[in-house]
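Hello,

I am handing over a structure that will be new to you, and I hope you enjoy looking through it. Please open it first, then read on for what was found.

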Amino acid sequence: MPDVREVIIIGSGPAGYTAGLYAGRAMLKPIIFAGFSSGGQLMLTSDIENFPGYPEGIGGPEMMMELRLQASKFGCDIVDKNVDSVDLSERPFKVNVGDEIHLAKTLIVTTGAEAIWLNAENESIHKGRGISTCATCDGAFFRDKEVIVVGGGDSAMEEATFLTRFCSKVTIVHRREVFRSSQIMLERARSNPKIEWKINYQVKSWLGMEGNFEGATLVNTESGEEENFFCDGAFIAIGHKPITNFLSGQVETDDQGYILWKENSMTSVPGVFAGGDVVDTRYRQAITAAGMGCMAAIDAERWIEDNAH
Ligand SMILES: Cc1cc2nc3c(=O)[nH]c(=O)nc-3n(C[C@H](O)[C@H](O)[C@H](O)COP(=O)(O)OP(=O)(O)OC[C@H]3O[C@@H](n4cnc5c(N)ncnc54)[C@H](O)[C@@H]3O)c2cc1C
């Protein structure tokens, strides 16, 4: 059987690399399974202006490469493979990667979450360049521009309201008259003079050639009529999906699949910790993910000390 690692980290976004850096500096000789899309969500974005320490901003892939280097500098092994499944029924935990089995006293899960996209026609060519799923991240790039926000839940209302700080006009596109959002968020959006509404409409396709976003073709969900709606950008706010399938329900989650913390950053399984977007229904930022990666590594280190026998 392979050696038992003190800690195995699953995921290589800001949370995973930060956990690796802390666990490495604590001499825990961690291994990070970085996954097939190593570097995580920030590999998709060109400019990060809100991560402290980069006053001129930094490209996403560049920042993730630096985080990766920093983690490996402190002795973290980084393997660009996906974890297929884990067995948490007994300790040491088993981590299955292809036909290899790895053993660990503790696990840190930082597998992130994926924004749910509409997958309307032409969406892929405008992802990250015209269409975004994060107003906090990309809103400032749309100063004095007109944008649409697609969705009818709390996050759509919150993103639309937030975007009015920058944008000259924000139009909420929602496919039905009933809103999932709370009344208070809906009222706040309704009373905002910069917000307009396209109710009973959904996006059929996106307009413009690659690198030149022009708007959307909207279809009326009642009459079926189509119209072109021209604008400078679009924000899709129809939810996120945390990546937890490889856990096969062995760790307690909320009803949307986000991992729940039980004691500090520890999950319902003693010795299994989690951080970043896979637990975070609220902030979903690189800096908060990095902070939670740090918390998980410190908690894992203390747990190992307390449970060493
Ligand atoms: C387009 C875009 C722009 C953004 N811009 C900003 C910004 O400007 N500022 C900001 O603060 N935030 C921004 N964000 C949000 C930020 O990217 C996330 O909050 C942050 O990346 C979350 O980090 P994380 O470590 O939790 O997860 P992620 O970055 O999602 O990383 C998850 C990791 O888990 C790995 N993984 C998944 N499943 C497995 C598996 N089975 N086995 C092994 N590995 C696995 C993936 O390969 C990936 O490496 C942006 C997000 C997007 C999508």
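**Cysteines and the ligand**

C294 counts as buried at 16% relative accessibility, where buried means under 20% relative accessible area, exposed over 50%, and partly exposed in between (1.4 Å probe, protein chains only).

Before going further, a word on the source: this is a predicted model, in which local features need pLDDT of at least 70 and side-chain atom pairs count only at pLDDT 80 or more, while totals for chains, interfaces and linings use all residues. Residues are numbered from 1 along each chain as its sequence is written, and side-chain values use heavy atoms, with hydrogens and water left out.

Let's stay with the cysteines. How many disulfides does the structure hold? There is 1 disulfide, counted as a pair of cysteine sulfur atoms within 2.5 Å. In general, such a link is a covalent bond between the sulfur atoms of two cysteines. Here C134 and C137 are the partners, and their sulfur atoms sit 2.0 Å apart. The link of C134 and C137 is right-handed, with 70° about the S-S bond. C134 counts as buried, at 16% relative accessibility, whereas C137 is partly exposed at 31%.

C294 is in no disulfide either, as the nearest cysteine sulfur, that of C76, is 14 Å away.

Now for the ligand. There are 32 residues around the ligand, and Q41, N50, V83, D277 and A286 come nearest; a residue counts as near if one of its heavy atoms lies within 4 Å. By class, this shell has 13 nonpolar, 16 polar and 3 charged residues. Nonpolar here covers Ala, Val, Leu, Ile, Met, Phe, Trp, Tyr, Cys and Pro, charged covers Asp, Glu, Lys and Arg, and the others, Gly among them, are polar.

Taken alone, the ligand exposes 1000 Å², and the protein buries 94% of that (areas by the Shrake-Rupley method with a 1.4 Å probe). Helix 1 (14-25) and helix 7 (286-306) are the elements that give two or more residues to the shell; helices are DSSP runs (H or I, at least four residues), numbered from the N terminus.

Best wishes
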